[in-house]
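Let's take a friendly tour of the charged side chains in a protein. Have the sequence and the 3D view ready as you read.

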Amino acid sequence: MASHGIRDQVAIVGMGCTPFGEHWDKSVDDMLVESSSAATASAGVDLDDVDAFWLGTMGSGLSGLTLSRPLKVDHKPVTHVENYCATGSEAFRNACYAVASGAYDVAMAIGVEKLKDSGYSGLVVPNVAHDGSSAQLTAPAAFSFLAPAYGEKYGVDSQEMKDVMTRIAWKNHKNGALNPRAQFQKEVSKETIECAPLIAGPLGIFDCSGVSDGSAAAIIVRAEDAYDYTDHPIFVKALSFVAGPATGTVDPDYDYTSFTEVVHSATDAYRQAGIEHPRDELAMAEVHDCFTPTELVLMEDLGFAERGMGWKEVLAGTFDLDGELPVNPDGGLKSFGHPIGASGLRMLFEAWLQLRGEAGDRQISSIGLDGAPGKTKALTHNLGGSPGSCVSFVSIVGSRLD
């Protein structure tokens, strides 16, 4: 891997995040103004102080004008990026590199998506115009292959797999019930989850993330300047993004029990951050739980559990809010839904809150605050595409300089 990384060269000094949900009464412009205003207020800066902007959106805008017009940031550089479900994270990655390069002093990464009244159902993704004769595979159908494949490979019967998937959904909704920004702020019983109507294969309604609207933003500066803005900056330790060969769906050797793109990006991120034992060294992780079996497979791809043992760790509560390594403490995509361009920055927002001790009732007790002993690093992860053909992003951030 050729990346050198920018460990401790830049810092997040302000963040903002809208509530995620069905915002019928808000436009894309409204949400961009709301999240950017919260981020600048958090950093104690004005929009005039921001030198450049990176906007992530997959379907709610086509250029930098999507941001420059509502924010009235005339004649400033605004770059629109898109990379499937890693779009928000990609905006963050590019803004961080821009500051680290010395090109800008202050940059904003911002993501937005308004899906509820766009016609997007979360099922079939519209392709480029064609004659209408090609087959379509929904996202739930594509990811449903993970469950039986994992069970067959590791000797986990169908009821045990159902229990594992139910446990993941139950955990994430329990965490989301503590989060005022989540789309679904209610615990759901295991019985309700297990008995829910099926969507695709073994996936029921509660095994799938929802469709929602939302926006999140971050202000990035050089690490040496961070304490000029806040007493509690979050330093960027690693940023890794990879795009896979997209051959899995036609490769007879691909077995649907791993995302190789995630393995590559995680390995690179750990190397950049100097992390050797992620389960022991990380305080928390926000991962791309678009579907419950996705989170199970990610626990192994990210090195949080040994191959074939992730399902036992899920059932043992290892990844619960009070577990050894809390995963999706804010409720994840399961509780927030998935406004595509915003999800990656929403994940970073939870890391920002947790590492600063501002997560309220869901604050993780093992995090060391204000110099106290404890863990000080968090991981966020996005993947976009489908099993066998996806992109993956991993970031690691921390509350202290190494």
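A salt bridge is a side-chain nitrogen of Lys or Arg within 4 Å of a carboxyl oxygen of Asp or Glu. Side chains of opposite charge can pair when their charged atoms come close. The model you are looking at is predicted, and by this rule it holds 25 salt bridges.

| Pair | Closest N and O atoms |
|---|---|
| Arg222 and Asp105 | 2.6 Å |
| Arg346 and Glu286 | 3.0 Å |
| Asp117 and Lys114 | 3.6 Å |

Start with Arg222 and Asp105, whose closest N and O atoms are 2.6 Å apart. Arg222 belongs to strand β7 (residues 214-222), while Asp105 sits in the loop between α3 (87-100) and β4 (106-113), so this pair ties together parts that are 117 residues apart in sequence. Arg222 is partly exposed, at 23% relative accessibility, and Asp105 is partly exposed too, at 39%.

Now find Arg346 and Glu286, which also form a salt bridge. Arg346 is in helix α13 (residues 340-355) and Glu286 is in strand β9 (residues 284-286), so their pairing ties together parts that lie 60 residues apart in sequence. Are these two residues buried or exposed? Both Arg346 and Glu286 are buried.

The salt bridge between Asp117 and Lys114 joins two kinds of surroundings. Asp117 is partly exposed, with a relative accessible area of 45%, whereas Lys114 is buried, at 10%.

Finally, salt bridges can link up: Arg7, Asp8, Lys237, Lys377 and Asp402 are connected in a network of them.

Notes
Residues are numbered from 1 along each chain as its sequence is written. This is a predicted model: local features need pLDDT of at least 70, side-chain atom pairs count only at pLDDT 80 or more; totals for chains, interfaces and linings use all residues. Side-chain values use heavy atoms; hydrogens and water are left out. Helices (H or I, at least four residues) and strands (E, at least two) are DSSP runs, numbered from the N terminus. Buried means under 20% relative accessible area, exposed over 50%, partly exposed in between (1.4 Å probe, protein chains only).
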